[in-house]
Amino acid sequence: MQAKIAQDTFTFQGSSLETAPEALGELRRSDDAHGDYAELRRRMQEDGYLFLPGLLDREAVLAARREIAQRLADAGHLHPDHPSEACIAAPGARIDFLASIAQDNPQLDAVLYAGPMIEFYQNFLGGPVRHYDYTWFRVKTPDGRATEPHYDVVYMGRGTRQLYTSWTPFSDVEMDMGGLMVLENSHRQQELISTYGQTDVDRYCENDATSHRLLATAREQQRDLTSDERRQVQWQSPTSGAYSPDAVATRQTLGGRWLTAEYRMGDLLIFSMYTMHASADNHTEQIRLSSDSRYQLASESIDDRWIGEDPPAHGIRAHQSMIC
């Protein structure tokens, strides 16, 4: 991997990411353990993630990509001089997240909530599974904002902690497109889990003036929004929930390497709620397309912020007060 990386196109929010062997590595592939769920569970416990190249039906992923591209073209986000399937960003386009892409999208649902994806989770978790009704869809334009380092549990920890994220690329992602990165052994850092990992981004201190001010701002921002408009907002919480705004400093503080890969449509990356992850910048002309979807055993408790036809998400309905 090291030889393929150009330093000026492997960055986080404009800052160069370290590419020395002690700072950057490749994700361990687990396609060699296909069907061996005991081994896959062991690797998840050991690594905090599973990288499963080719697990999904590439033709189904391509069908979903075509539908996604058409929606982006209809919204004016794609360059009119190129075929929509190429997903070349329109001049000046700058977006990161579009929840509407996942709404009423049967081609996308066929990839995320049927077929090989659900079959995998039923075998991996050992029983009937349930997925969140809300689908996170990321649309990373060139020079868009790279995703900051975070644990997922901060945003969805009110149900079972035996919850897993599927990161599914709907683009072939070369290194200069800025794919997802996992911080090595971050799921083993007990002090981090017992501090930052106990955060709930939608809880606030009712006896703290600053929290009240931030919450009032959030309420004002949502006051006149319809439910459809609320779904278009990525984060509506008073705080972002990220561990740090800086992926370079995060690795230097926590240790380990950022692990990544060159992804292909049909590949799948799965990780736990306590696996630190982020993304790099997109230095291509294309829009990088990917989704985040979540899965758990149907028998376990679920975070009600993410279920139903109009999930509360990080809106006012999700906020809980506490004495600090």
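**Helix α1 and its surroundings**

Helices α1 and α4 are roughly perpendicular to each other. In this predicted model, helix α1 covers residues 37–47 and helix α4 covers residues 115–125. The two pack at an angle of about 80 degrees, and their axes lie 9 Å apart. Since angles of 65 to 115 degrees count as roughly perpendicular, the description of this pair follows from its angle of about 80 degrees. On the side of α1, the contact is made by Tyr 37, Leu 40, Arg 41 and Met 44. On the side of α4, Glu 119, Phe 120, Asn 123 and Phe 124 take part.

The protein chain has 324 residues, of which 53% count as buried. Its secondary structure comes to nine helices and 14 strands. Among contacts between residues at least 6 apart in sequence, 81% join residues at least 24 apart.

Helix α1 can now be considered by itself. Which residues of α1 are buried? They are Tyr 37, Glu 39, Leu 40, Arg 43, Met 44 and Asp 47. Seen down the axis of α1, these buried residues fall within an arc of 155 degrees, and therefore they line one face of the helix. The face turned away from the buried side carries the exposed residues Ala 38 and Gln 45. The cover over the buried residues of α1 includes helix α4 together with the strands β4 (49–52), β7 (164–169) and β11 (268–272).

After the helix, the reader may follow the chain onward. Gly 48 follows α1 and has a positive phi, near 85 degrees. In strand β4, which spans residues 49–52, Tyr 49 and Phe 51 point one way, whereas Leu 50 and Leu 52 point the other way. All four of these residues are buried. In a regular strand the side chains alternate between the two faces of the sheet. Strand β4 pairs with β11 in the antiparallel sense over four bridges. Within β11, Ile 270 stands opposite Leu 50.

A positive phi also occurs elsewhere in the chain. Most residues other than glycine have a negative phi. Cys 87, although it is not a glycine, has a positive phi of about 55 degrees. Asp 104, another residue other than glycine, has a positive phi near 50 degrees. Cys 87 is found in the loop between α2 (58–74) and α3 (106–112), and Asp 104 has its place in the loop between α2 and α3 as well. Is each of these residues buried or exposed? Cys 87 has a relative accessible area of 0% and is therefore buried, as the cut-off for buried is under 20%. Asp 104 has a relative accessible area of 74% and is therefore exposed, as the cut-off for exposed is over 50%.

Tyr 155 lies in helix α5, which consists of residues 153–156. With a relative accessible area of 4%, Tyr 155 is buried. Tyr 155 and Met 273 are 118 residues apart along the chain, yet their C-alpha atoms are separated by 9.4 Å.

Key. Residues numbered from 1 in each chain as written. Predicted model: local features only at pLDDT ≥ 70, side-chain atom pairs only at ≥ 80, totals over all residues. Heavy atoms only, no water. Axes fitted to C-alpha atoms, helices over the stretch in contact; angles between N-to-C directions. Parallel < 35°, antiparallel > 145°, perpendicular 65-115°, else oblique. Contact = heavy atoms within 4.5 Å. Buried < 20%, exposed > 50% of the residue type's maximum accessible area, 1.4 Å probe, protein only. Arc of directions from axis to C-beta. Pairing = 2+ DSSP bridges.
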